Every structure is written in structure tokens, then in C-alpha cells.
Amino acid sequence: MEMLKVADKTHDESRQGEAFAPFAVDPSSYHKRFYIESYGCAMNFSDSEIVASILQGEGFGATRNFEEADLILLNTCSIREKAEQTVRKRLTEFRKIKKSKPGMLVGVLGCMAERLKAKLLEEEKLVDIVVGPDAYRSLPGLIGEAETGQKTVNVLLSREETYADISPVRLESNGISAFVSIMRGCNNMCSFCVVPFTRGRERSRDAQSIVAEVQELFNQGFREVTLLGQNVDSYHWSPENEGHNGWGKAVTFANLLEMVAQVHPDMRVRFSTSHPKDITEEVLTTMARYENICKYIHLPVQSGSTRVLQLMNRTYTREWYMAKVDQIMRIMPDCALSSDIIAGFCTETEEEHKDTLDIMSYSKYDFSYMFIYSERPGTLAARRYKDDIPEEVKKRRLQEIVDLQGALSLASNERDLGKTFKVLIEGDSKRNQEEWKGRNSQNKVVVFPKEEYAYQPGDYVWVTIHDRTQGTLIGRISKG
């Protein structure tokens, strides 16, 4: 199924295993080279940018050729089993290269680090360094120790670390869109999720450092930022001094959205991910008030059954979620919605599966990320419930969800025929260099001919839609 990709805790399959790209023309000289591959969600790719900044400050330069690297790092994910299997395979390949290059160090970063540190370091002897998501500042010291032959590890979780003072080196950037991390960790104990155990408790980054980073990105030519967090709506930062932040009070997510939107009208603002229980009316009215805050919300439902939602510890009911959808559409009728959906969670009945299909139709999702339930070690669900839905039933239910979402996506795009949208040009269309590709406020990909106009990536252009596929709008530049 063709799906649009969004920045959130789900995986952009096209980016899994992507290597960090060095600058095209880098004037600096480096005494050592590092190679880093990223797996998992947008938070992991954002973390790789922080790691690159720390390493470059220590004299390491990036390379995309792992055979010339002195240090190989894999930034990992524990959300899905497939990612773990891929990482293990890559580590085995790197171990072979290491035999012919004894000085090379191999390290694992991120969410797999805490869970598998003993196995990776001691039992399987696949790596030299293991570093958790809150310990990247300790990397230079750990590398120094590892160079003496010591196996090194730091997977301590922090209640304070936000990396607010580190300016990320932008990874594989198109120069137009950037991720900005606003908080780390998660306090929501969803029973299927391992994030609270691998990334720790929630802590919010200094609001002023976020605004300063967005301003710097705008000055560099970026025209879109996505504010990232496992649950952005629970962002809450209190200044040390009264009046310190210009608001004179604590900064909520709605306040932060407004502060970032005010950086410049030409800087688009997106965010991901929202927990339905936390997205407030104040956030929605702020979105409606500012044209440059994109009219798009990723609002994961996971299941349409109240009983299953309780087992998942999602803390809302089916009816409550539907009322939230109603509220969003009342405040922003042009808002696009997307979702995460799990098929075949523990004890899910056929009727409850139909409840999920029903809530999808009610919400009219523009696109979704859809998965079979996969039990993850260390989660509450793994300890409390039996993964008792047969694999063939899970696959059949997932296919029904995918088929329905395909119909909903197509219907959504058909409703856009004849409409004119403001599109931010991101670059050439993948299939045709005579066409531009960009996105509208609703996060839909729009493709249109360049014609005789002298537009460039980063420009805004009005495009009228005349055709569509399930995942793309096709249009022409509006003459009016």
C-alpha cells in the first residue's frame, strides 16, 4: 500500500539503515572518521544528528564508506523485532571487517542498548561500546577507554538530559525541512510499548533554546520544522526566574507552538506525536490562529475497542476519542488526520476488530501506519497478557485495515480535486526531474510540472489539483 510518510515514532521504511551523510564540501580536517547508521523513528534520526555534533567537536569526520571508518555506530530501535534483527545482521557483518582492521571500534546507540547490553558486549562480543539515549555526552570518554581494549557501556537514564545546548548536525537534509527535538522520554505506560523503559521519563527542553534553534534554521534557509517528542502535548517547561521567558509563566505546548510560529510567517511548523488524551483545546485554537502551523495531526488510535484500549493502557475510551476527532474538525475543518493502528492485540475479538474498522471510517484518516501486534520483551503486555491471536488471523485483520485505509486515502484525495493549495517545494519529483515535489499544510505530497517558472526548493507556490493517486496529489501551478 502506498502511504505518505510523517515524522513520528513510527518507522519511515525508506530510511531504515540510512547512513549519516558528511558535508558535500567540508573545509575541516579530521584525524578520525565515523560512520553511523540509524534505525527506527524520527527521534532516532534526530539523536544521530546530536551524536554527529558531539563527535565532530572531538575531531571525528563523517564518512558514508564504513570500510574507511575508525568508528562504526548503529543507532538502534527496540520498538519492532524486524529492526533488531536487521541491526544484529549488520553487527555480524561489521565484526568480519573488524578482523582485517583491528583498530576499528563498533558501537550500539539508542534503544537496544539498555535492553541487550550484556548480550551484545559479553555473550555475543559484537560490539566495543554500548551507549543509551541519555548518555551521548559520554561518548568521547567511552571511545578513549575502548581504544585501550576495554569494553565500555553507559546506559544510565537521566531525569534532566535534553541536549538543549547541542546544535545538531543536520542528517541527510534536503535543506528545507528539519526535526527539532523538544522533549525526551515518555510517562505514558502503554502496555505494548517499550519506550518508557528505553528512553526514560519525560523531560522538556528549555523553550528559549528551541526558539533559538528554529530561528537559526530559518536563517540557514530551512522553511519547515517538525517539533519532535514521544508525546509533544505534555511538553511543559518552567523558567528558573519569573519573566525569564517573556511569558512570565511556565510554557505549555500551546505556548511553545505560538513562540515557534512567531519566528517567521514563512517557517512552517509541524509536530509529532500527539497522545489523544493530552491534545488540548488551547493547542487546537493556536493551530487554527496561525497560518504557518500546519493543519495536520497524527493522532494514534491503536484500537477502536474500549476494552482493548484499556488493556493497552491508553486511558481513553472509543467514545472519548471520537469526541476528540469532532472537536478537531469543529475548530479546524480543513485539518488532516493520520493514525497508528495495531491489528491482533492480545484477546482482541472479531467484533473488536470491526470496532477498529468503524472508528477508522468515522475519523476519515488521510493516512495511517498499520501493524500486526508484535510482543516486545520488557513491556507490560509481555508480562500481563498472552499473545493469543493466531498469526494468520492477525495478517487477515491487518489486510482489512490496510484495504480500508487505502479506500479512505483515495476518497480523501478525491475530495481535494479542484482545490488550490499552498505547497512548499522540497525538491525534484523522484520520477521526473521536470516536476517539483512538495507538501501542502495537510502533509499531503503534491507533484506538479515546473513549467517556465523560476521557482526553487524552499519556495511556496499555489497549486491547483487535477488528479490523484492513493498517496499523491497531482496538480499545476495556479496562474491566479
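Which residue of strand 17 is the bridge partner of I341? The partner is M370.

## Basis of the model

This is a predicted model, in which local features need pLDDT of at least 70 and side-chain atom pairs count only at pLDDT 80 or more, while totals for chains, interfaces and linings use all residues. Residues are numbered from 1 along each chain as its sequence is written, and side-chain values use heavy atoms, with hydrogens and water left out.

Helices (H or I, at least four residues) and strands (E, at least two) are DSSP runs numbered from the N terminus. Two strands pair if DSSP finds at least two bridges between them.

Contact means heavy atoms within 4.5 Å.

Strand 15 (residues 296–298) is joined to strand 16 by three bridges, and H298 stands opposite S338 in strand 16. Six bridges join strand 16 to strand 17 (residues 367–372).

## Burial of strand 16

Strand 16 (residues 336–343) is mostly covered, eight of its eight residues being buried. Buried means under 20% relative accessible area, exposed over 50%, and partly exposed in between (1.4 Å probe, protein chains only). In a regular strand the side chains alternate between the two faces of the sheet. In strand 16, A336, S338, D340 and I342 point one way and L337, S339, I341 and A343 the other way; all are buried.

## The sheet 8-11-14

A further open sheet has three strands in the order 8-11-14, again with parallel pairing. Its edge strands are strand 8 (177–181) and strand 14 (268–272), each of which pairs on one side only. The twist averages 25° from one strand to the next.

Strand 11 (residues 224–228) pairs with strand 14 over five bridges, and L228 has S272 of strand 14 as its bridge partner. Helix 1 (residues 42–57) packs on this sheet, where it touches strand 8 and strand 11, and its direction makes about 90° with that of strand 8.

## Helix 8 against helix 10

Helix 8 (residues 281–289) and helix 10 (residues 318–331) pack at an angle of about 30°, their axes lying 9 Å apart. The two helices are therefore roughly parallel to each other; angles under 35 degrees count as roughly parallel, over 145 as roughly antiparallel, 65 to 115 as roughly perpendicular and the rest as oblique.

The contact is made by E281, L284, T285 and A288 of helix 8 together with Q327, I328 and I331 of helix 10.

## Two buried residues

T472 is found in strand 22 (residues 472–477) and is buried, with a relative accessible area of 14%. The C-alpha atoms of T472 and L410 are separated by 9.2 Å, although these residues are 62 residues apart along the chain.

S429 lies in the loop between strand 18 (420–428) and strand 19 (435–439). S429 is buried, with a relative accessible area of 9%. Leaving aside neighbours within four places in sequence, S429 is in contact with E435, W436, K437 and V447.

Key:
Axes are lines fitted to C-alpha atoms, for helices over the stretch in contact, and angles run from 0 to 180 degrees between N-to-C directions.
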